[in-house]
Amino acid sequence: LPTAFFLARALDVLARRGLRPLAWLAGTGVAFGALATALVFTPGLWLARSGESAEMALVHAHFGAWERSRSILDTSIARRGGRRSVRQVWLRETLAGVLLQSGDVMGARAAYAEVIAHPVPRSPHLDPRSSPWLANRWAVAAALSGDRVPALARLDEALADGPLPELLVNRGALRALAGDLHGAEADLREATVRMPALAPAWRNLARVLELRGVQEAGQAAAPAQQLADRAPRGFPYGLGDGFHLNGQRFMLVLEGDGLALYRPPRARDLTPPGS
């Protein structure tokens, strides 16, 4: 309103002083600017047509609406074309996380491989050479798709820079399936020491001790159950499913004779019926 007021006053002063051509020129310029602004912000011309923001895909994924989340991400990726940018790579990695959580492990593995093959400069969280979490996510997808040997090798590389509890949980699970129960126990015990509230670590440790015939298995199973029922804190529990950037700290759990992706009870409870 102040802008309109002073603009009208200026045109009036120009007209009163006999400078009508200048007043008309100024008015025409304002009208042209208004028209150009209207055209620029018209969906389908310069701007893409309206649609849900890619961030809404995280919300849908949090509630288990995988197909809706995937549709939004596919549309967002297609809009950006083949441009290589932090945003584009983030979209693809988020899509990979959605695919993994929804059970499409082969699609997730391919999406993670594409992200790893084309890292973005100056973006450590999207570069597997400096992000153990991205390596971990690829390893989880590979392990669930049946390629446990390369998954274990990738975790070994990622853990060489530091013993991250979530990665220790995954390597412990893979070692257990490979028959290295002592190595699995060592990884899982270290994970429980570094992060005592990590339910998957206790759950896998209880299973490994059970396979070894150790009486302590029951003692490890108790905290696993208690922690699973407690209100979770921190990634990947406290904020949705931890889809934001390197929040996707997926973990494997021993289930029967194979592996499964750990899903916190809180995340399962939030999934609406029929989703």
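Colleague: Why is D156 called partly exposed?

Modeller: In this predicted model, the relative accessibility of D156 is 34%, and since buried means under 20% and exposed means over 50%, D156 falls in between and counts as partly exposed.

Colleague: What makes the pair of R171 and D156 a salt bridge?

Modeller: The N to O distance between the two side chains is 3.1 Å, and the cut-off is within 4 Å for a side-chain nitrogen of Lys or Arg and a carboxyl oxygen of Asp or Glu, so the pair qualifies as a salt bridge. R171 belongs to helix α9 (residues 165–177) and D156 to helix α8 (residues 148–159), so the pair ties together parts that are 15 residues apart in sequence. R171 has a relative accessible area of 14%, and is therefore buried under the 20% limit. D156 and R171 are also members of a network of salt bridges that links them with R175, D180 and D187.

Colleague: How many salt bridges does a search of the whole structure find, and which residue forms one with R87?

Modeller: The search finds 18 salt bridges. R87 is paired with E55, with the closest N and O atoms 2.8 Å apart, and this pair links distant parts of the chain, R87 being in helix α5 (residues 86–102) and E55 in helix α3 (residues 55–62), 32 residues apart. The relative accessibility is 30% for R87 and 33% for E55, so R87 counts as partly exposed and E55 counts as partly exposed as well.

Colleague: How do you know that R70 and D104 meet in a salt bridge?

Modeller: Their N to O distance is 3.7 Å, which is within the 4 Å cut-off, so the pair is counted as a salt bridge. R70 lies in helix α4 (residues 66–79) and D104 in the loop between α5 and α6 (105–117), so parts 34 residues apart in sequence are tied together. With a relative accessible area of 31%, R70 is partly exposed, and D104, at 27% relative accessibility, counts as partly exposed too.

Colleague: Is A96 buried or exposed, and how do you know?

Modeller: A96, which is found in helix α5, has a relative accessibility of 0% and so counts as buried, the limit being under 20%. If residues up to four places away in sequence are not counted, A96 touches A108, A111 and Y112. The C-alpha atoms of A96 and R70, which are 26 residues apart along the chain, are separated by 9.3 Å.

Colleague: Which residues have the most contacts inside the largest nonpolar core?

Modeller: They are L100, Y112, L174, V208, L252 and L259, in a core of 65 residues, to which helix α7 (residues 132–144) gives the most, with nine residues. Leaving aside neighbours within four places in sequence, the contacts of L259 include A143, L144, L174 and L252.

Colleague: Why is R80 called partly exposed?

Modeller: R80, which is found in the loop between α4 and α5, has a relative accessibility of 26%, and because this lies between the 20% and 50% limits, R80 counts as partly exposed. Apart from neighbours within four places in sequence, R80 is in contact with S85, R87, Q88 and L91.

How values were computed:
Residues are numbered from 1 along each chain as its sequence is written. This is a predicted model: local features need pLDDT of at least 70, side-chain atom pairs count only at pLDDT 80 or more; totals for chains, interfaces and linings use all residues. Side-chain values use heavy atoms; hydrogens and water are left out. Helices (H or I, at least four residues) and strands (E, at least two) are DSSP runs, numbered from the N terminus. Buried means under 20% relative accessible area, exposed over 50%, partly exposed in between (1.4 Å probe, protein chains only). Contact means heavy atoms within 4.5 Å. A nonpolar core is a set of buried Ala, Val, Leu, Ile, Met, Phe, Trp, Tyr and Cys residues joined through side-chain atoms within 4.5 Å.
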